[in-house]
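Reader: I would like to go through this model with you, residue by residue where that helps. Could you take my questions as they come?

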Amino acid sequence: MPTVQDELPGLAAPRRDDTPTISEQFRTFDAEHPWIYRALERLVEERLAAGAERVGMKALFEALRWSRPVGVKGLNNNYTALYARRLLAAHPGWASVIEVRRRRTP
């Protein structure tokens with residue numbers, strides 16, 4: 001079902017059937033870079049140990065990028081929500097710390 005935002009000019013690019021979805025791209029990237037999930041997991045644990053009550057995935061992405069001398073090639077901001085959901089699936093106790101929104105698409 002299209003939303004109002006989808007009807008705004010320039011926001012809803014037509015998707016070709018052979019174009020991988022963001023979820024498919026994420027699964028490929030995650031499989032090729034398993035250390036990124038572990039690094040994000042460690043960063044959440046460090047923030048919680050330091051007393052944080054909320055942890056933002058965008059901030060973790062930037063911390064991860066800055067911790068590497070040349071950044072992290074391919075760490076797409078489109079993946080933040082997918083990494084957040086993966087972290088919450090493994091650590092349900094973090095649900096009050098990491099906020100996720102309802103997905104528009106499955």
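Reader: Leaving aside its neighbours within four places in sequence, which residues is Lys 58 in contact with?

Author: Lys 58 is in contact with Asn 77 and Thr 80, where contact means heavy atoms within 4.5 Å. This is a predicted model, in which local features need pLDDT of at least 70 and side-chain atom pairs count only at pLDDT 80 or more, while totals for chains, interfaces and linings use all residues. Residues are numbered from 1 along each chain as its sequence is written, and side-chain values use heavy atoms, with hydrogens and water left out.

Reader: How many Å apart in space are Lys 58 and Asn 77?

Author: Their separation is 7.5 Å, C-alpha to C-alpha, and they are 19 residues apart in sequence.

Reader: Where is Lys 58 found, in which helix? And what is its relative accessibility?

Author: Lys 58 belongs to helix H3; helices (H or I, at least four residues) and strands (E, at least two) are DSSP runs, numbered from the N terminus. With 46% relative accessibility, Lys 58 counts as partly exposed. The classes are buried for under 20% relative accessible area, exposed for over 50% and partly exposed in between, with a 1.4 Å probe and protein chains only.

Reader: Stepping back, how many helices and strands are there in the protein chain?

Author: The protein chain has four helices and zero strands, and from the N terminus on its elements run α-α-α-α. Of its 106 residues, 28% count as buried. Among contacts between residues at least 6 apart in sequence, 54% join residues at least 24 apart.

Reader: What does the accessible surface come to?

Author: It comes to about 7,700 Å², and 55% of that belongs to carbon and sulfur atoms. The areas come from the Shrake-Rupley method with a 1.4 Å probe; for residues, only the protein chains shown count as cover.

Reader: On to H1. Which of its residues are buried?

Author: The buried residues of H1 are Ser 23, Phe 26, Phe 29 and Asp 30. They cover an arc of only 125 degrees around the axis, which puts them on the same side of H1; the arc is that of the directions from the helix axis to the C-beta atoms. Exposed residues Arg 27, Ala 31 and Glu 32 sit on the face of H1 turned away from its buried side. The cover over the buried residues of H1 includes H2 and H4.

Reader: Asp 30 is on that list. Which side chain does it meet in a salt bridge?

Author: Asp 30 meets Arg 86, at 2.8 Å, N to O. Asp 30 is buried at a relative accessible area of 13%, whereas Arg 86 is partly exposed at 33%.

Reader: How many salt bridges does a search of the whole structure find?

Author: It finds four, a salt bridge being a side-chain nitrogen of Lys or Arg within 4 Å of a carboxyl oxygen of Asp or Glu. One of them joins Glu 46 and Arg 42 at 3.4 Å, N to O; both lie in helix H2, four residues apart, about one turn of the helix. Another joins Arg 54 and Glu 99 at 3.2 Å, N to O. Arg 54 lies in the loop between H2 and H3 and Glu 99 in the segment after H4, so that pair ties together parts 45 residues apart in sequence. Arg 54 counts as partly exposed at 48% relative accessibility, and Glu 99 is exposed at 53%.

Reader: Staying with H2, how far apart are its end C-alpha atoms?

Author: They are 23 Å apart, which agrees with the 22 Å that its 16 residues (34–49) should span at 1.5 Å a residue. The expected span is 1.5 Å times one less than the number of residues.

Reader: What do the buried residues of H2 pack against?

Author: They pack against helix H1 (22–32), helix H3 (57–67) and helix H4 (80–90). Those buried residues are Ile 36, Tyr 37, Ala 39, Leu 40, Glu 41, Leu 43 and Val 44.

Reader: Finally, which residues touch the most other members of the largest nonpolar core?

Author: Of its 24 residues, Leu 40, Met 57, Tyr 83 and Ile 98 do. A nonpolar core is a set of buried Ala, Val, Leu, Ile, Met, Phe, Trp, Tyr and Cys residues joined through side-chain atoms within 4.5 Å. H2 gives the largest share of this core, six residues.
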